[in-house]
Amino acid sequence: MSAAAEAVTAAAEAAAAGGAAAPPLNALLLPLPDAARGASAVAVAAVRGDERIIVCRGPAEEDTRFETGSLTKTFTALLLAELAARGEVRYDDPLDRYLPPGARRIPGPSVTLLHLATHTAGLPRLPPGLLARSARTGWFRNPYAGFTGDDLLAALPRTRLHHRPGTCVRYSNYGVGLLGLALARAAGGGPGDYPALLGERVLDPLGLADTDCDPARPQVQGHWHGRPRPPWLIPGLPAAGALRSSARDLLRCLSALLAPEAAAPPSLRVALTEVQRPRLALRRPGRRLCLVWNLRVRPGGPLLHHSGGTRGCTAFAGFHPGSRTGLVALADTAPAPAGAFVQTAYGTLCGLAAGRGV
């Protein structure tokens, strides 16, 4: 029996033992792994109310770790909101306040932590100098591997803003990387202490044992165009894309976002709510931006989602508080140009929220 069939059978048996029919989530989740073309290991998971299911295919289990890429940013947002709930930072604090002594600032108007968390700082997508360094160290293998924390600080005075902070949305790995540096400094650590701080304030309290930024722990073998990829390294910008996680852990995180009142400590309860609050409206109707999370207005309330990709893995997570539904999708292959796996995952989440296919 395949891993997917075993997972579904186990869920059905558990439901039958409780006197209920097989979870209707199966009908929506089973086709989703087929959208991850070229993937050998896929894990998808869903929550709806009190129902939970994890479906795995290939060499993947519910606790198998995948690189999550930019999905890391949603955890950085939680960390920002947690520090804000404790009064350790304010959203309108300038980035400059948390730079190491002697570091030179970004020329121009002040950039705040909120600007960084909403991609409105005007920063370029990547820090100056990263592309040149990646060309020497392997853009097609591990483009961020040779860019360090010192390189990040050296990039600040060479940065030119594309627009005045707070006026436009421009997605920036650079910006969220700087946010992670600022949060580590605000909590009394150094620029490289983001992973430890995230573990202490967010991952450990949520019980996410499979989740961290450590590339040395066991994880799936990623693939790009069918070729194996080395573990993803992003030492200078960990807050933007270094996290590894499992379907089990990400489902647990979505469950916490759907029921913040059950989390502890109190600062994390506040943070789980704050990351869902819309901060600005985008030009396209019905779309909003929260702290990192994308928000779309749907029947029954807002739907929040984010995706991520590395040279070897693709990740998606989203949730719809109004219907108490959430979805996780992970694959061991880099995102396809058309984004079929992510788009299918988003459509599946919309179907879950609307009750279609049941």
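## Strands 9 and 10

Strand 9 and strand 10 run antiparallel and are joined by five bridges. The model described here is predicted. Two of the residue pairings can be named: Asn-294 has His-305 of strand 10 as its bridge partner, and Arg-298 is bridged to Gly-301 in strand 10. The two strands make a hairpin with two residues between them, and in this hairpin Gly-300 takes a positive phi near 90°.

Strand 10 also pairs with strand 11, again in the antiparallel sense, over six bridges. Here the hairpin has four residues between the strands. The bridge partner of Gly-309 is Thr-314 in strand 11.

At the strand 2 end of the order, strand 1 (residues 42–48) and strand 2 (residues 51–57) run antiparallel and are held by seven bridges. Within this pair, Val-44 has Val-55 of strand 2 as its bridge partner. Strand 1 and strand 2 form a hairpin with two residues between them, and Gly-49 in the turn has a positive phi of about 60°.

## Helix 3 against helix 8

Helix 3 (residues 72–85) packs with helix 8 (residues 194–203) at an angle of about 70°, and the axes are 10 Å apart. The two helices are therefore roughly perpendicular to each other. On the helix 3 side, the contact is made by Thr-72, Phe-75, Thr-76, Leu-78, Leu-79, Glu-82 and Leu-83. On the helix 8 side, Tyr-194, Leu-197, Leu-198, Arg-201, Val-202 and Leu-203 take part. By class, the residues of this contact are nine nonpolar, two polar and two charged.

## The largest pocket

The largest pocket holds about 1000 Å³ of space. Its lining has 41 residues, of which Ser-70, Arg-125, Tyr-171, His-306 and Ser-307 are the closest to the centre of the pocket. Two or more lining residues come from each of these elements: helix 9 (238–241), strand 8 (287–289), strand 9 (294–298), strand 10 (301–309), strand 11 (314–320) and helix 12 (340–354).

Which element gives the largest share of the lining of the largest pocket? Strand 10 does, with five residues. The lining of the largest pocket is made up of 20 nonpolar, 13 polar and eight charged residues.

Rolling a probe the size of a water molecule over the atoms shows where empty space is left. In the whole structure, a search finds two cavities of 30 Å³ or more. The largest cavity contains about 80 Å³ of space. Its lining consists of Leu-71, Thr-74, Phe-75, Leu-78, Leu-250, Cys-253, Leu-254, Leu-257, Trp-293 and Ala-317. The lining of the largest cavity has nine nonpolar residues, one polar residue and no charged residues. Phe-75 and Leu-78 line this cavity and also take part in the contact of helix 3 with helix 8.

The second largest cavity has a volume of about 30 Å³. Leu-95, Asp-96, Arg-105, Ile-106, Pro-109, Ser-110 and Val-111 line the second largest cavity. These lining residues divide into four nonpolar, one polar and two charged.

Terms used. Residues numbered from 1 in each chain as written. Predicted model: local features only at pLDDT ≥ 70, side-chain atom pairs only at ≥ 80, totals over all residues. Heavy atoms only, no water. Pairing = 2+ DSSP bridges. 1 Å grid on protein atoms, 1.4 Å probe; cavity = no way out; pocket = protein on both sides within 12 Å on 5 of 7 lines; lining within 4 Å. Points joined across faces, edges and corners; volume = space filled by probe spheres on them. Nonpolar A, V, L, I, M, F, W, Y, C, P; charged D, E, K, R; others polar. Axes fitted to C-alpha atoms, helices over the stretch in contact; angles between N-to-C directions. Parallel < 35°, antiparallel > 145°, perpendicular 65-115°, else oblique. Contact = heavy atoms within 4.5 Å.
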